[in-house]
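A few questions and answers follow.

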Amino acid sequence: MVKRANLIPYLLISFAGIILFALTIYPLFYSLILSLHKWSITKPAPWKFVGLRNYWDIICDLVFWQIVFNTFIFTFSAVTLEFIIGMALALLFNRELRGENTLRSALVLPMMVPPILVGLLWLFMYKKDFGIINNMLKLLNIEPIPWLSRPFTAMVAIIIADTWQWTPFMFLLLLAGLRSLPQDIYESAKIDGASLWQSFRYITIPLLKPIIAIAVIVRFMDAFRIFDKIFQLTEGGPGISTETISHYIYRHGFRYFNMGYASALSYLALIMIVLFSMIYIRILQRVS
Amino acid sequence: MKKGICIFATLFMLVSYGLVFAGAAPKKGKELKISLIAGFPTNIGIKSLVSEFEKETGMKVTFIETGYGAILEKNLVDLSAQTGAYDVLHVESIWFSEYLPYLYPLNEFMEDSELFNEEEYDLEDFTSYTPLTMDVFSRDENLYGLPHLAGIPLCFYRKDLLDKAGLKPPKNMDEYYKVAKRLTQDTDGDGTIDIYGCALSAKRSAIVDEWFSFFFSYGGGLPDRPEQYTKMTFNNPTALKALKLYKRLYDECAPPESMTWEFGEVGSAMQRGVVAMMWNWSNSGSWYDDAESSTVVGKVGASVPWPGRFGVNALGIPKDAENKEGAFKFITWATSKDITYKVTVAGGATPCRLSVLTNPELVKERWWFEPLREAGRYARMYWIIPEWSAIDDALAIELQKVLTGDISPEEALRRASDNAYKILEEAGYFD
C-alpha cells in the first residue's frame, strides 16, 4: 500500500512531464536540429546537413540587421509609451474615482481583442480618404496622412496600434502594484513635508521597481515577437521599413518554405530576447 | 465517493475523446473535403450547385475555405504531415510548384473511359483560349489539375471621364500615363486632388504583378527557364524604363495610399469614384456594376494596354486524399462546360473555357469578357518554381523603396537582380 501511495505523485507528475516534453522540449530540439539543416517543405527531399551555415548566412545578411534594428525601434518605442501612459492611468485610478469600475473595464477592453483584429481595426482607421483618424485631422485643418505608405509614419502607426492594445496590461499591473504599497510611508513623508513629486520619485518608484521590472520584461518579450499587426497593416513594408523579426521568420518559413533558415532565425531571436532580458534585469538589480 | 467521481471523470474523458476522434475520422468514399481559397467568385456558384453533384453521386461535400494569404502554408503543412485533410485542392497557378510534390497525377483517371468522357469534357475548350491554361498544371506529361477560373489584369477605366476629356482608352503604357496625368484633377478647386488618374496595386504582395505588366509591355520578359537567368534579366534599360514610368504614375497620378493597395482596395477606389483608371484583375469586373456597392454603375469599361500574368486556378487531388476517384468526379463536374457556365452566371467568375467566355448572352452582360478574351492572347506566365515567392518578394521590396524615394530605380533593379540571382544560385539552378 505504501509503495502504491508513493507512486501516485510520480504518476501525476509524469503526465505534466509528457505534455511538457511533447509540446515544448521536443519541438525545441527538433527546430534546433532543423536549424543545422537545409530543408524545404516544397521539396520533400531528405534534410541536408549544413552545420552552422544558416546562422552564418543570417549574420552576414545586412537585411537581417536592418530588421533587428526595426524590431528594437518598435519594441523600445511601444513599451516605453505603454509604460508611461499605463503609469499615468494607474496613478489616476489609485484614488477615489466615481465610476471607477466601469472606466477600468472600458480601459482593459483593447487587451481582450485578438491582435489580428486590432490590425484590421486600425487598418480601417488609418485609411486616408475614409479613416476616422484622417477625418479628425481634416477637422483640425491638417492634411490627411497616408499613414501606412511612408516608412516613418508606417512605423509610428504600428507603434500607436500596439500601444492602444497593450497599455491596459501595464495599467493593470502597475495599479495592482500601487495598491499593494504601504500607506504609512506616504503619511510619514507628508508629515515631513514631501511634495507629491518627491513622494512619487523617492517612494513610489523604488517600491514599485519589482512590479515595473515584471511588467516591462513581459511586454518587452511580447512586443519583440510582434507579428499580427505588421502582417495586417503593412506586410513589413514599405520596402522592409516595418519588417520585424517574427514577420521575417514567417516569410522564410511560410512564404519561401526554407524551414532550416527560419529555424535558425528563430533561435537567434530567442537568444536576443534572453540576452536583453538578462541585461535589463541586471541593470535593475544594480540600480536597486 | 471520490473514487466514484474519478472513475466517472475518466470514463467521461475516454468517451468524449472517442466521440471526437470518431467524428473526425473520414467516412471513406462517402465524404469529399474540398479546400477552396476564400472569397473567389467561383465559390459562390460551386457551393450553390453542389447539391446536384451530391444527389448524382451520393457523396457528401464539405468545403473548407481559407483566405488567400494563409491557404498555401496551411495546406502545405497538412499535406507534408499526410493528414489526409483534403480530397480536392484549389491550386493557384503561381503556387503550382509548391503543391506539385503532394499532387496526384490525373492521367490514370482521364484514361478511364468510365470516369472521363473526353469528347463531352472538351479539353480544347481550355487550350483554344490560351494553351497556358493546361500547360501550367502539366509536368513530365502528367496533368495535375483541371482549370476552373482564370484572371488576367485588365485596364479598367471610367468611360464618362474619358469622354468628357475627349480621350480614348489607352492602348499602351505611354498612353496610360498620359491619360492618367490628364485625368488627375482637383474638381472643386480646393487645392486637393479629388479624382486620381489611376490607382496602383503597390502593396508588397501585389506590386510585382503590376510592374511586370509595365515591363512586359515595353518588350521585357523572363528567359524561358530559370537556369538562363542573368543579373541583366531585371537590370536592363527596358526594366528601368518600366520602373521609371511606374514611379511617375505613383508620384503624379495615383493616391499615395496605393502603397497599401491590392486587388480589393483598387477595386473599391473605382467603386467609390475616386480614380479614373486602374490595373486590376479581370475577376473584379462585376463589382463596378453592383448597384449596392458601386457609385459608377454603367460607367466603367475595360481595355488591354499591356500583357499581364495569366492567373489561372485549378482543382487538383492530393496524394494523401482518401477518396481520389470521388475527388476526380468532383473536379470534372466542377470544371465541366455546363457547371462552368452556371458558376459564371451565379458568382461573377471569369471562366477559362472559351465557349463560356464567348457565350453571346454572357458577353452582352459582361462587358469585360471581350477584353479578357483578347488579353488571353498576350498573357504570360512567370517561372513556376518554388523559389518564385522569394524572387517576387525580393523585387517587391526594392520596387516599394523606389516609390518611397529611398533608393533610385537603377539601384533598386541592381539590388533586385542580385538578390534574385542569389536565390536561384542557392537553389542550385546554376550548378
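Q: Is the crossing of H12(B) and H20(B) left-handed or right-handed?
A: In this predicted model, helix H12 (residues 237-252) of chain B and helix H20 (residues 409-426) of chain B have axes that come within 10 Å and cross at roughly 125 degrees. As for the hand, the crossing of H12(B) and H20(B) is right-handed.

Q: How many nonpolar residues are in the contact of H12(B) with H20(B)?
A: H12(B) brings B:Ala239, B:Leu240, B:Leu243 and B:Lys244, and H20(B) brings B:Pro409, B:Glu410, B:Ala412 and B:Leu413. Sorted by class, two residues of this contact are charged and no residue is polar, while the nonpolar ones number six.

Q: Which term describes how H3(A) lies to H9(A), oblique or roughly antiparallel?
A: Helix H3 (residues 62-93) of chain A packs on helix H9 (residues 196-224) of chain A with axes 10 Å apart and an angle of about 140 degrees. Only angles over 145 degrees count as roughly antiparallel, so H3(A) is, to H9(A), oblique.

Q: How far apart are the end C-alpha atoms of H7(A)?
A: Helix H7 (residues 151-179) of chain A has 29 residues, so at 1.5 Å a residue it should span 42 Å. The distance between its end C-alpha atoms agrees with that, at 41 Å.

Terms used:
Residues are numbered from 1 along each chain as its sequence is written. Chains are lettered from A and ligands numbered from 1 in the order in which they are written. This is a predicted model: local features need pLDDT of at least 70, side-chain atom pairs count only at pLDDT 80 or more; totals for chains, interfaces and linings use all residues. Side-chain values use heavy atoms; hydrogens and water are left out. Axes are lines fitted to C-alpha atoms, for helices over the stretch in contact, and angles run from 0 to 180 degrees between N-to-C directions. Helices (H or I, at least four residues) and strands (E, at least two) are DSSP runs, numbered from the N terminus. Angles under 35 degrees count as roughly parallel, over 145 as roughly antiparallel, 65 to 115 as roughly perpendicular and the rest as oblique. The expected span of a helix is 1.5 Å times one less than its number of residues. A crossing is left-handed if the near helix is turned anticlockwise from the far one by less than a right angle, and right-handed if clockwise. Contact means heavy atoms within 4.5 Å. Ala, Val, Leu, Ile, Met, Phe, Trp, Tyr, Cys and Pro count as nonpolar, Asp, Glu, Lys and Arg as charged, and the others, Gly among them, as polar.
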